[in-house]
Structures are given as structure tokens and as C-alpha cells.
Amino acid sequence: MKPIYVLLASVIAVLTQSCSDFLDIKPNNLITGESLTEENLPSLTSPLYNVVWSDFNRQFYYGLGDGASYNLYAPFSDYVYPFADLAVTGLTGPLVSAWQSFYVVIQQSNKVIISINQSSASDEEKRTYIAEARFMRGVAYWYLASLWGNAIITEDPSPIVNNPVINSHPRKDVFEFAIRDLEYAAKYLPPVSLQSGRVNKFSAFGMLSRVYLAYSGYVDNEANPNGGTRNQTYLDLAKRAAAAVITQSSYRLMDSYPDLFKIENNNNSESMFALQWVPGLSSATGWGYINPQQAYFASSSQLTGDDAAWGDWTRATYDVIKEYEPRDSIRRKATWMGYGDFYPEISKAAGGYLNERGNGQQFLNVKKGVVGSSRDNAAIARMNSALNTYMLRLAEVYLNYAEAELGNAASSSDEQALFYFNEVRRRAGLDPKTSITYNDIRHERRVEFCMEGLYWYDLLSRAYYKQQEVINYIESQDRGTIVPFLFDAPNVLREDPDRDRETRAVGNVTPAIFLLPYPESELIQNPLLREPPVPYEFTEEKITDLFD
């Protein structure tokens with residue numbers, strides 16, 4: 001069976017470039033109507049795995065997920081510092097691009113669903129590929145609900161294209177819409193992926209474990225984000241969804257953590273949903289189908305073999321390096337390059353790459369996502385690492401199970417929760433714990449998924465019901481102070497006594513930071529975004545037998 005990127009490279013999706021028509025997505029060169037048969041359906045859904053997510057992936061994925069949570073520090077990169085400095089506005093470039101990208105995903109998914117319904121395929125085949133499109137749409141709406149709250153829910157592009165001045169819908173409805181899409185996907189996707197890299201039933205259950213868990217803190221605390229407890233029904237659903245993945249699917253943790261981030265291990269046993277980028281294409285030949293993150297992360301051209309290496313000042317914060325336990329060198333080294341770290345998979349012809357950057361021991365650059373040059377792997381090209389972008393890994397589902405089991409308790413010693421939690425630690429070479437708290441889980445999430453664009457969403461989920469606690473946590477990061485430090489491998493961190501601390505201006509830590517502003521261009525186009533949202537009218541029956 002052909003890998004998905006072969007189909008991706010053969011399908012053209014026309015994506016809008018201006019803010020004024022971000023909702024107008026017109027699939028091109030696609031067979032539609034009754035001429036669309038079962039054999040065409042895989043090509044119809046293939047663009048949903050990369051080109052529609054391109055503007056999200058390029059900078060916002062980590063700029064928001066790791067910048068806003070203060071894993072990442074890049075004072076000269078306008079795709080990081082507005083988030084890290086809590087100074088985001090409606091003109092922040094990556095924010096505008098991400099908003100557009102999410103609606104590109106949504107409207108392309110809508111077009112796909114409409115086309116499939118008009119096709120001559122069997123009802124069963126229609127449901128399968130509609131479920132694939134609804135999975136993507138559901139994920140996009142989860143992002144919108146998490147980041148902007150109120151958003152425009154749409155199942156058909158045509159009315160909005162004709163009249164883009166419409167009201168948004170309330171955050172609760174946006175969450176509900178995302179959940180319904182993912183529940184449909186969990187019910188109708190096959191248990192095993194139809195092609196390497198495609199999502200399946202358990203991908204949807206895994207994503208539901210994330211969304212149920214987040215929603216458990218929001219649903220009862222909408223009016224009071226310091227309510228302090230989560231909804232038990234949704235905690236139970238999160239646990240059941242995670243358990244379905246863990247006990248029924250073929251997904252397994254990779255034995256080696258660093259191996260997760262090597263091109264040859266794309267679509268590995270732990271990868272449950274990943275954006276698929278076309279190998280061999282460059283910025284000149286395949287923009288939109290490539291993963292350019294390495295160019296923004298790599299600290300020198302010695303790593304990439306070309307001029308696309310702009311990450312010298314894209315560095316770990318003092319705050320995140322403090323988070324690593326002294327023995328957690330496996331995850332730290334796979335995520336951040338410290339002085340003296342050696343990577344045999346990079347600069348293979350020279351015997352490997354020894355990192356001697358960092359002014360001795362004074363800073364760490366990004367390693368995760370940096371894979372080397374075309375001489376190391378022919379899949380790599382200029383501004384294309386060819387490395388899949390993880391959107392969901394099994395390790396997260398393990399931690400989702402543990403957190404759902406912990407629920408509203410102060411600690412848990414549940415045997416299953418501890419087993420899954422400790423499996424993540426075991427791979428990192430760390431000792432198991434005999435009981436866990438929320439802070440234990442928060443810590444594991446931060447270091448396990450550092451530079452995978454997730455940590456800010458973990459903080460948001462906590463802020464739905466313990467907002468002041470999260471405000472206090474962010475204040476304790478002291479983002480306005482630059483701490484000069486010295487770092488020795490594996491994880492010895494200390495403040496440098498010979499350099500002074502510096503200060504810089506950052507935004508205030510208030511409840512306002514937990515919602516992004518709408519892009520200014522969208523407010524101009526659609527002034528109703530400033531108005532109170534209007535409840536969404538759900539017409540489809542909710543699935544009630546998902547776990548039967």
C-alpha cells in the first residue's frame with residue numbers, strides 16, 4: 001500500500017493567502033459528485049494531513065505551545081517572543097496565520113464531507129472517509145475553543161463565503177462540536193489505519209481523552225474559573241477513551257525516546273496522529289508540503305548543510321532546564337543541545353556532531369526537530385526536515401489516563417494509573433513513583449512533550465478550574481528576568497556568579513492571557529466577532545453508544 005505522502009504529493013488543494021477570504025476554500029483538480037468513487041476517496045482526504053496545517057505548523061505550533069508556556073526563549077524571533085513575553089496582539093503574525101490555518105482545515109474538511117456525500121461510494125466507505133475529515137475538523141475546533149474560546153462553527157463554506165459577517169458561537173458549543181466530530185471519528189474510523197500515517201479509531205479515542213480531560217475542568221466552571229474541581233462524568237469519559245487506546249489498539253511506546261525524532265521512524269508504533277510532510281521537496285519545490293521547523297531551530301549551517309539555519313538565539317529558558325531531574329538526561333539531550341552533547345545521526349560523514357556552541361556552558365539550543373542535512377538523509381532538503389509533526393503520541397494517552405484517574409483527588413496510588421505514568425518515566429531512565437499528584441503529571445507532561453507544542457494547552461486546561469493557581473505559576477517563572485546560567489551535562493544547572501541578571505519588559509499576568517485576541521483583519525472583515533456569541537443549533541443526534 002502506498003504511503004500517504006505519495007498521495008499527498010499528487011493532490012492540489014487551493015489555499016487562500018489573504019485574511020479576507022480565509023473561509024473560502026475551493027478544492028481544485030478533485031473529482032466530485034457521482035464521478036467520485038471509492039478508489040478516489042483516499043486522495044480526497046490526503047491534503048488534510050499536511051498542506052492545510054502548514055501555516056499552523058511553521059511557527060505557531062511551537063511559538064505558542066512552547067513560547068507561551070516559557071519553554072522557549074527567542075528574543076529576536078517575532079514568532080516566539082510575543083508569546084513568551086505575554087505581549088500578543090491581533091497583529092501578531094503567527095496568530096493570524098494559525099487562525100487562518102484552522103479554518104482552512106475546517107473548510108477543506110467540510111468540502112471533503114460534502115463531496116463524499118455526493119459520491120457513488122458505498123455508505124460504509126462514505127462513513128469511513130467522512131470520519132477521517134471529521135477527525136481533522138474536530139481537532140481544529142479543539143484548538144479554536146482552547147485558544148480563542150468563542151469561534152465560528154461552520155459545516156458548509158458556501159453561506160459564509162457569500163456573507164462573512166456572522167456571529168461567533170460560544171466556547172461551550174465549540175468544545176461540544178469538536179467532541180461530536182471526534183466521537184463520530186471514533187465510531188466510524190477503522191481500528192487499523194488504512195494507510196501508513198492515516199488516523200484510525202484509536203487516534204480518535206486518544207484525542208478524545210485529551211479533549212474530555214480539558215473539558216472536564218471547563219464545563220462546570222465557565223462562570224467561575226476558580227471553582228476548583230472537574231466534572232466527574234468527563235473525567236470518566238477521558239479515562240475510558242484512554243483505556244480503549246491502551247488496551248485495544250496496537251500502539252506501543254517506542255523503546256528509545258531519541259528515536260522518536262528521527263526521520264526513519266516516522267509513523268512509528270507510538271505515533272497516533274502526525275502531520276505528514278513530503279520528503280525530498282525543498283522550500284523552492286514544495287512549500288506547504290514540507291516541514292520547515294528545522295530551519296528555525298538549527299543553531300548553525302553545520303547542522304543543516306545550507307543557509308537555512310536561523311536558531312542561534314532560539315534557546316531553552318532557564319525555567320525549563322530547571323524542570324529536568326538530574327538523571328533525566330535522555331529527554332533533555334533529545335530536546336536541547338548542551339555544550340559537549342554528541343549526536344551520531346548528524347554529520348555522519350564526519351563521524352557525528354559534537355555540539356561546541358553555547359559560549360562554553362551558557363545556553364542550550366533546540367535539538368528536537370533538528371535532524372541534519374541531505375548528506376545525512378536524502379529525505380532532507382532546504383527548509384524541509386521531512387520529520388513528521390507529532391500531534392498525538394501514545395505517551396500522552398498514558399498520562400491522560402493517569403490524570404483522569406487522579407481526578408479531583410490530591411494524590412493517587414491507583415495501580416493502573418501508576419503503571420502507565422511510570423512507563424513514561426521508565427523510558428526516560430527514571431525511578432518509578434509509588435503515588436502521584438497533579439504536579440507530578442504536570443512535570444512529566446512538560447519534559448516529555450517539550451518542543452512538541454503542548455505545554456501551554458496543559459496550563460490552559462488547569463486554568464479552566466484553577467485559574468489563580470496557574471497565574472501564580474506563570475508569575476513564578478519570572479519572565480522579566482534573564483538569569484545567566486551555566487550548564488554541565490547531563491543536567492547540572494547553576495546561576496553564573498560572574499554575570500549579572502538582566503531585566504526585560506513583559507506583559508502582565510492576568511486572566512486575559514488565557515484567551516488570544518482575534519486577528520485585527522478578521523475584526524475588520526467581520527465586526528460581529530466583537531459581539532456576544534450566538535448559541536449553535538445542533539441538528540445531529542449525539543452518539544451515545546461509543547463505549548458499548
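N57 is buried, with a relative accessible area of 0%; buried denotes under 20% relative accessible area, exposed over 50%, and partly exposed in between (1.4 Å probe, protein chains only). The model is predicted, so local features need pLDDT of at least 70 and side-chain atom pairs count only at pLDDT 80 or more, whereas totals for chains, interfaces and linings use all residues. Residues are numbered from 1 along each chain as its sequence is written, and side-chain values use heavy atoms, with hydrogens and water left out.

**Surroundings of N57**
- N57 is found in helix 3 (residues 54-68); helices (H or I, at least four residues) and strands (E, at least two) are DSSP runs numbered from the N terminus.
- Leaving aside residues up to four places away in sequence, N57 touches Y62, L275, W277, N291, P292, Q293 and T389, where contact means heavy atoms within 4.5 Å.
- Two of these neighbours are also reached by polar contacts between side chains: N291 at 3.1 Å and Q293 at 2.9 Å.
- A polar contact is a pair of N or O atoms within 3.5 Å; within protein, one must be able to donate a hydrogen and the other to accept it, and residues adjacent in sequence count only if both atoms are side-chain atoms.
- N57 and P94 are 37 residues apart in sequence, and their C-alpha atoms are 9.8 Å apart in space.

**Surroundings of N71**
- N71 lies in the loop between helix 3 and strand 3 (72-73).
- N71 is buried, with a relative accessible area of 0%.
- Not counting residues up to four places away in sequence, the residues that N71 touches include R315, W336, R446 and Y455.

**Nonpolar cores**
- A nonpolar core is a set of buried Ala, Val, Leu, Ile, Met, Phe, Trp, Tyr and Cys residues joined through side-chain atoms within 4.5 Å.
- The largest nonpolar core has 162 residues, of which W53, F102, L147 and W336 touch the most other members.
- Helix 6 (residues 123-147) gives the most to this core, with 14 residues.
- Another core, of 6 residues, lies apart from it and has I263, V371, I380 and L387 among its members.

**Helix 10**
- The 17 residues of helix 10 (residues 232-248) should span 24 Å at 1.5 Å a residue, and its end C-alpha atoms are 24 Å apart, which agrees; the expected span is 1.5 Å times one less than the number of residues.
- N231 caps the N-terminal end of helix 10, with a side-chain oxygen 3.0 Å from the backbone nitrogen of T233.
- Buried residues of helix 10 include Y234, L235, A238 and V245.
- The buried residues of this helix pack against elements including helix 8 (171-188), strand 4 (271-275) and helix 16 (415-427).

**Pocket and cavities**
- On a 1 Å grid over the protein atoms alone, a cavity is a set of points where a 1.4 Å probe fits but cannot get out, and a pocket is an open set with protein on both sides within 12 Å along at least five of seven lines; lining residues have an atom within 4 Å of a point.
- Grid points are joined across faces, edges and corners, and a volume is the space filled by probe spheres set on the points.
- The largest pocket has a volume of about 520 Å³.
- Of its 25 lining residues, Y73, I482, V483, P484 and F485 are the closest to the centre.
- Helix 13 supplies the largest share of this lining, 3 residues.
- There are 6 cavities of 30 Å³ or more, and the largest cavity has a volume of about 190 Å³.
- The largest cavity is lined by 18 residues, with E403, R445, Y457, D458 and S461 nearest its centre.
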